[in-house]
Amino acid sequence: MNKFFSKKLSIVSFIFIPIIFLWHPNWIGFLGVQPYWPLFWLLPWSMINGSINGLIFGLFLGLILDSLTLDDSFTQIPGLIFCGFLFGRIKFHSDILVGHFRYGLICSFGSFLCGSLYFLQILFRNFTDSNFLILIPSFKNILAEVFLTGFFAPFFCSQLLRMFKFSRRKLQ
Amino acid sequence: MFGIRRISTNRWYEKKNWIVFAIFLFLVFVRISKGSFYKDLYYFISKPFWPGQFQKEIVRESVNQEYLIKLNLLKKDNLRLRQILSLQESANIENISAVVISRKTGSWWRQIILNKGSKDGVEIGNIVIGPGGLLGRVKDTSLFTSSVTLVTSPESKLGVWVDRIQINGLLVGLGDDYPSLILYSKDADIKVGDFISSSPASTLLPSNIPIGIVQSIDETLKSKKTAKISLLAKPHVIDWVQILKVNI
């Protein structure tokens, strides 16, 4: 059992993303907004396995998370696919400390991208209605999410990266 | 930064196409079933952490206050309607108590998940109220859980009634804690502090469910008035709710 878990650590942790997404712990939030959890997993996975793997699992994550949210008209898939592809093209940094903080910047950028793509869908859908009313809360949501994702990314991403590398080494 | 260099060149998806296909099929199943598998799994994982009985007492006090407001509204409504016509039947309302097991009240997704699902008789379209008033409508059910779209969600659009000036309006969620009331009349004499309840003309909600109070008014538009509404029921703190099975 332990062997299975250490081998398939990345897949086991993948299963827990929707659970954390549903859990939505308030004490970790800011202005009622949570960090964008899937990016914490997608960044290390894509960095280790490359762009195509990142793209595929971006799609998988999007499919699952979309099914957990009730907004039928909007999807998280484009943002996550794009992030997965982009993250796969990022090199590891030789300096561990710089590398850690770089995860924060990259995840912030990814969160901004996903948030903006989601916001554009809402804006497009409500174009005929009073779309201007939605602007301020949406900017607040994007900025709070970008901040939180960037803030927690160095911790979560470096831990997950270490775990994925460890399980890969066990595999070889 | 974007130079191509990866630790491994392991392209497992080329070697094991069937695994990718199986995962994809599984995810399509999850998508089609609207995540009911995950929601049910979350139901069992979160069960030990549901709020205890002592919170029920606090909630009961708030519910009593809410019922007083509702009672007054109903009396007024009843009098008004009896003057116009004789009421043949009243709405048949059945309540189901439920606990909030997942809460997304910030960011884009404004929803709560309850611990009562289709096996308890919850149906899509049922109304969910908490201490204070309306929270939202059931959008999706699984065997053990039901997902509720909150009135603050950008997907929520409901007909409401401004009691003081006797006018209908549209309550639109904006993705923050204060939904917007749109009155399609520039002359509507709406004031800060006006009480908003569900509209008697609504086909989605039973009438006279308390919703909120006008917090601020925006008169910059030419053809309509908009107002920010402070909700009476606070979805980010409520742990117990009532699901109303209403035949409107």
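This is a predicted model: local features need pLDDT of at least 70, side-chain atom pairs count only at pLDDT 80 or more; totals for chains, interfaces and linings use all residues.
Is the crossing of H2(A) and H4(A) left-handed or right-handed? The crossing of these two helices is right-handed.

Residues are numbered from 1 along each chain as its sequence is written, while chains are lettered from A and ligands numbered from 1 in the order in which they are written.

Back to the two helices. H2 spans residues 9-23 of chain A, and H4 spans residues 51-68 of chain A. Helices (H or I, at least four residues) and strands (E, at least two) are DSSP runs, numbered from the N terminus. H2(A) and H4(A) pack at an angle of about 35°, with their axes 10 Å apart. Axes are lines fitted to C-alpha atoms, for helices over the stretch in contact, and angles run from 0 to 180 degrees between N-to-C directions. On the H2(A) side, the contact uses Ile17(A), Pro18(A), Phe21(A) and Leu22(A). H4(A) answers with Leu61(A), Ile64(A), Leu65(A) and Leu68(A). Two residues are in contact if their C-beta atoms, placed from the backbone, lie within 7 Å. The residues of this contact are eight nonpolar, no polar and no charged. Here Ala, Val, Leu, Ile, Met, Phe, Trp, Tyr, Cys and Pro count as nonpolar, Asp, Glu, Lys and Arg as charged, and the others, Gly among them, as polar.

Now look at where the chains meet. In total, 38 residues of chain A are in contact with 42 residues of chain B. H4(A) gives the most to chain A's side, with seven residues. That side divides into 19 nonpolar, 12 polar and seven charged residues.

The largest nonpolar core has 89 residues. Such a core is a set of buried Ala, Val, Leu, Ile, Met, Phe, Trp, Tyr and Cys residues joined through C-beta atoms within 7 Å. Among those with the most contacts inside it are Phe40(A), Leu114(B) and Ile129(B). Ile129(B) touches residues including Leu135(B), Ile209(B) and Val241(B), not counting residues up to four places away in sequence.

Chain B has four helices and 12 strands. Val100(B) sits in strand S1 (residues 92-104) of chain B. Why is Val100(B) called buried? Val100(B) is buried because 23 other C-beta atoms lie within 10 Å. The cut-offs are 20 or more for buried, 12 or fewer for exposed, and partly exposed in between, with C-beta atoms placed from the backbone. Val100(B) and Ile238(B) are 138 residues apart in sequence, yet 7.6 Å apart in space, C-alpha to C-alpha.

Gln166(B) lies in the loop between strand S6 (157-162) and strand S7 (167-172) of chain B. Gln166(B) is exposed, with 8 other C-beta atoms within 10 Å. Its phi is near 55°, a positive value in a residue other than glycine. Most residues other than glycine have a negative phi.

How far does the predictor's confidence go? Chain A has a mean pLDDT of 81, and chain B averages 80. This score is the predictor's confidence in each residue, from 0 to 100. In chain A, helix H1 (residues 2-7) has the lowest mean, 60. The complex gets an ipTM of 0.74 and a pTM of 0.71.

Definitions and conventions:
A crossing is left-handed if the near helix is turned anticlockwise from the far one by less than a right angle, and right-handed if clockwise.
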